[in-house]
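Good morning, colleagues. Thank you for making time for this presentation.

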There are 2 protein chains.
Amino acid sequence: MAAVSARSAGELGLELAGFVPYRLNRLAVGVSNHLSEIYRERFGLDIPEWRVMATVGSRHGCTAQHIAASTRMHKTRVSRAIAHLEQRELVERASSAADRREREVRLTKAGRRMYAELVPLVLERERELLACLTKEHLRGFVGALEALESFLGLPD
Amino acid sequence: MAAVSARSAGELGLELAGFVPYRLNRLAVGVSNHLSEIYRERFGLDIPEWRVMATVGSRHGCTAQHIAASTRMHKTRVSRAIAHLEQRELVERASSAADRREREVRLTKAGRRMYAELVPLVLERERELLACLTKEHLRGFVGALEALESFLGLPD
DNA sequence: CACAATTAGTTGCGCGCGCAACTGTTTCGG
DNA sequence: CCGAAACAGTTGCGCGCGCAACTAATTGTG
């Protein structure tokens, strides 16, 4: 707070360490690395694969299109992540009868097993992380998240 | 806030859209893209180059080592960004007399000109962005940023 | 004072990314 | 209906990334 207003008050130089966009990016990378210890080291998933697992697992089958829209990943990134997961037999694809352009992605039995093991661990990590915030900070943080998302036009 | 506590209360599925690490990452990408309209489209800089400009510009010459530590970018990424900027004659390098392993990086006259033009625009963008937050949200947000950085052991 | 360990910086390499182009399918306008 | 446009998904390509290995200079230790 102090740094923000002090720096913005017409100073010439820019101190990157106090610059919000930069700090936000660094924090996001840090949180992501912290979290990826679970899904990377223990389950051998990278970020796109983890996101596909999380999205497919919370539904009963969905299309790559839907995964891309929901995670905001590029469709090629989704396509490749699904291909990897299919090779590992964690998901399977079936051409949709209604629209044969689409392919329904579903968790296999092994995929459901991993999902059931993975999700509680990941949620626990999130809980641990947010536990370092006071109630006021958490409220302000989540409120700010929503306001900034809305300002930037990031869809819900 | 509601989403966070509701979801963490023992639900089986994971809704990625309400998952803080994921939202944080998405927001950081969004902010970064918003900001990069300035330094990419108007000045032809990518993120590493912009960070090098910002770091070098706020000092009177510094080493690649210092830039890497300060921005937390990988040293190879810094090295390549400096090389690009040198080609465009925005920075210049001189071997340090004291320690001939080091090379002092400095803005050229053109680099200083760009820096002077660039920084106010970027700071204005930050100001616009944060203006969408209430005082309470901003305070909570910056406080949370600090707490999370500290929790993750991200150095100041 | 020699030689091992450390440090600054660069470079070869494999990989994952997004863009653009492509295939196959569905939809819509005339 | 038929052809153009739209859409789901995949693939070829160039690029930037981090890792590991490298060069060159410095520091520390016996």
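Predicted model: local features only at pLDDT ≥ 70, side-chain atom pairs only at ≥ 80, totals over all residues.

Three strands form an open sheet here, in the order 1-3-2, and their pairing is antiparallel. Which strands lie at the edges? Strand 2 of chain A is joined to strand 3, residues 103–107, by 5 bridges in the antiparallel sense. To give one pair by name, Ser95(A) has Arg103(A) in strand 3 of chain A as its bridge partner. Against this sheet packs helix 3 of chain A, residues 47–57, which touches strand 1, strand 2 and strand 3 of that chain. The direction of helix 3 makes about 90 degrees with that of strand 3 of chain A.

I turn now to chain B. Its open sheet has 3 strands in the order 1-3-2, with antiparallel pairing. At the edges are strand 1 and strand 2 of chain B, each pairing on one side only. Helix 3 of chain B, residues 47–57, packs on the sheet and touches strand 1, strand 2 and strand 3 of chain B, with a direction at about 90 degrees to that of strand 3. How many bridges join strand 1 of chain B to strand 3 of chain B? There are 2, and the two strands run antiparallel. Within this pairing, Cys62(B) has Val105(B) as its bridge partner in strand 3 of chain B. Strand 2 of chain B, residues 91–95, is joined to strand 3 by 5 bridges, again antiparallel.

The next topic is helix 2 of chain A. This helix covers residues 20–42, which is 23 residues, and spans 33 Å from its first C-alpha to its last, close to the 33 Å expected at 1.5 Å a residue. Even so, helix 2 of chain A has a kink of about 45 degrees, centred on Ser36(A). Buried residues of this helix include Tyr22(A), Arg23(A), Leu27(A), Leu35(A) and Tyr39(A). Just after helix 2 of chain A, Gly44(A) has a positive phi of about 65 degrees.

Leu145(B) lies in helix 7 of chain B, residues 135–151. Why does Leu145(B) count as buried? It counts as buried because it has 20 C-beta neighbours inside 10 Å. Setting aside neighbours within four places in sequence, Leu145(B) is in contact with Arg23(A) and Leu27(A).

Finally, we come to the DNA. Around DNA strand C there are 18 residues, of which Arg77(A), Thr63(B), Ala64(B), Gln65(B) and Ser79(B) come nearest. The largest share, 4 residues, is given by helix 5 of chain B.

Around DNA strand D there are likewise 18 residues, and Thr63(A), Ala64(A), Gln65(A), Ser79(A) and Arg77(B) come nearest. Here helix 4 and helix 5 of chain A, together with helix 5 of chain B, each supply at least two residues of the nearby surface. Which element gives the largest share of the surface near DNA strand D? It is helix 5 of chain A, with 4 residues.

Conventions:
Residues numbered from 1 in each chain as written. Chains lettered and ligands numbered in written order. Pairing = 2+ DSSP bridges. Contact = placed C-beta atoms within 7 Å. Axes fitted to C-alpha atoms, helices over the stretch in contact; angles between N-to-C directions. Expected span 1.5 Å × (residues − 1). Bend = angle between axes of the 7 residues up to and from the residue. Buried ≥ 20, exposed ≤ 12 C-beta atoms within 10 Å, placed from the backbone. Near = placed C-beta within 6 Å.
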